[in-house]
Amino acid sequence: MTSSREEYARQESELDELYRDIIIDHYRNPRHRGSLATPSASEEGLNPLCGDEVTVDIALQDGRIADIAYRGSGCSISQSSASMMTEAVHGKRVDETRKLIENFTAMMRGSNEIDPEELGDLEAMAGVRKFPVRVKCATLAWHTLNEALGKTREGS
Amino acid sequence: MTLDVARIRKDFPILERKVHGKPLVYLDSANTSQKPRQVIEALVRYYEHYNANIHRAVHQLGEEATNAYEEAREKVARFINAPSPECIVFTRNTTEAINLVAYTWGRANIREGDEILLTEMEHHSDLIPWQRLAAEKGATIRYIGLTEDQRLALDGLENLFEANTKMVAMPHVSNSLGTINPVEKIAREAQQRGVMFLVDGAQGAPHMPVDVQAIGADFYAFSSHKMLGPTGVGVLYGRRELLEEMDPFLGGGEMIRKVTFEGATWNDLPWKFEAGTQNIGDVIAFGAAVDYLSDLGMENVRAHEIEITTYALDRLRQLNDVTLYGPPDPNDRGGVVSFNLGEIHPHDVGQVLDQYGVAIRAGHHCTQPLMRSLGVPGTARASFYVYNTQEEVDMMIEALKAARDIFKLPEHSAP
């Protein structure tokens, strides 16, 4: 039987894995938060279970995401995931972005084919997989970006 | 001590379990309550000893089941001091009870241009049925607003109703705020003006003495599962004359007197509203829950909840960065404490607490319009019942401190 001290340490480490420093940092200091003046496409995503809301604006130029912004409200996981996503795809080619969306959502589904290390900072979100109800929070912005891309000529 | 909580806790097998290696601290009874052994055993006894359909079997088991089912109705009638068991209709839950009224009384009586009066603290279950009815009939809905400490803004009660107000509905106790509404006063006013009055008692009947005759409302709806009973059973109390003139809600077996190929006539109250085979086992077990609460005494249940709510409010106020919702005086509220911790989203608060074995509710609590008018995405909500202790409140507070550390809230509020 584990002592209660060990037990508390274990809970704390599971929570540490969910709320990694980089996630808290993005939540408290969001990147690319706001809206674009002339977006190529804009899409709103809702997670009715939690009430998370994320709107993603993208501006495409020469097959690249020239600019991106998001706004919304929700839990730390949904909002920091949106912030990290904007940083990860800013300036990327549309096909690279599609691939990243695919890899990120595959990682969140627990796919063995994705090495989280290859996703850079986004690897921090892997801890969310231990908390299945929160996976939807983490992928909300990514699905929303995917929908936004589908609305554009270059992305569709 | 108003209740012998240590003894009560022994009746609830689930309170022995651990969650994430920690003792379960269950602070989500406003969502659904836990069940005592007496209720679980009543359910098992029914299925093991006298499972049969009611009102139609000529055999011994059928008679025993019918008696137990109707006895549960009598217990419920006594519990809320209804004038007779015929005024008690069993439904699936509070939501179905309210829909029953909207679809039968509402459809027959609400006309174009009529007004339905609700409140800004309405639960979706007492909101959507009326919105649908209003849309169908071309009626309007007005919402009674809230004061700064989230009571109903009822200044000038005599001006509450317009000439076209046909009905008013509101929660006895707000599930999101804890506010106890002055339903007796509303009922007096409504009666004088000939306005129909429905009380959503989902958070009332489980937590305080309720006397439907003293309140004077036309309808009072509540659920078994929030008062130690099983899920799947709701209650609609209605004034007898009203229930008698109302059309049936669902058609089928049991609710009829005589059926021909051309048509049918309806059964007596309350069976007119209980179509098809009912949730017999759960109704009988609900009767055991009512016995359990009656034995404790609802005055004692209420006193215990005031005590623990007072303690929880005090402890939460000592934490920095806590925003509390609802009236500040525990005597004005039920055993529900809604709060936010700094800027931390309620789901994150709930997640951290869960890891410490503390179960609360986080989110909009089925009151989305209310959350919007409070300007928050949701709240964290701790709710108490007969088995909760002050030590459990302490454990919640410790877990909240952990949440504050994780989200790096400052130790002291800014000056």
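Helix α4 of chain A spans residues 94–109, 16 residues in total. From first C-alpha to last it reaches 22 Å, close to the 22 Å expected at 1.5 Å a residue. The model is predicted.

**One side in, one side out.** The buried residues of α4(A) are Thr97(A), Ile101(A), Phe104(A), Met107(A) and Met108(A). They lie on the same side of α4(A), because they cover an arc of only 135° around the axis. An α-helix has 3.6 residues a turn, so residues three or four places apart point the same way. The face turned away from the buried side carries exposed residues: Asp95(A), Lys99(A) and Arg109(A).

What do the buried residues of α4(A) pack against? Their partners are β3, α3 and α5 of chain A.

| Element of chain A | Residues |
|---|---|
| β3 | 64–73 |
| α3 | 76–89 |
| α5 | 135–151 |

Strand β5(B) covers residues 115–119, and strand β6(B) covers residues 140–144. The two strands run parallel and are joined by five bridges. Glu115(B) of chain B stands opposite Thr140(B) in β6(B).

**Phe249(B).** Where is Phe249(B) placed? Phe249(B) sits in a loop of chain B, between α8 (240–245) and β11 (256–259). Is Phe249(B) buried or exposed? Phe249(B) counts as buried because it has 22 C-beta neighbours inside 10 Å, and the cut-off for a buried residue is 20 or more. Leaving aside residues up to four places away in sequence, Phe249(B) touches Leu100(B), Tyr103(B), Thr104(B) and Phe273(B). Asn53(B) is 196 residues from Phe249(B) in sequence. In space, the two are 21 Å apart, C-alpha to C-alpha.

**Where the chains touch.** Chain B brings 17 residues to the contact, and chain A brings 13 residues. Which helix gives the most to the side of chain B that touches chain A? Helix α11 of chain B, residues 346–355, gives the most, with five residues. By type, the residues on this side of chain B divide into five nonpolar, nine polar and three charged.

Notes:
Residues are numbered from 1 along each chain as its sequence is written. Chains are lettered from A and ligands numbered from 1 in the order in which they are written. This is a predicted model: local features need pLDDT of at least 70, side-chain atom pairs count only at pLDDT 80 or more; totals for chains, interfaces and linings use all residues. Helices (H or I, at least four residues) and strands (E, at least two) are DSSP runs, numbered from the N terminus. A residue is buried if 20 or more other C-beta atoms lie within 10 Å of its own, exposed if 12 or fewer, and partly exposed in between; C-beta atoms are placed from the backbone. Two residues are in contact if their C-beta atoms, placed from the backbone, lie within 7 Å. Two strands pair if DSSP finds at least two bridges between them. Ala, Val, Leu, Ile, Met, Phe, Trp, Tyr, Cys and Pro count as nonpolar, Asp, Glu, Lys and Arg as charged, and the others, Gly among them, as polar. The expected span of a helix is 1.5 Å times one less than its number of residues. The arc is that of the directions from the helix axis to the C-beta atoms.
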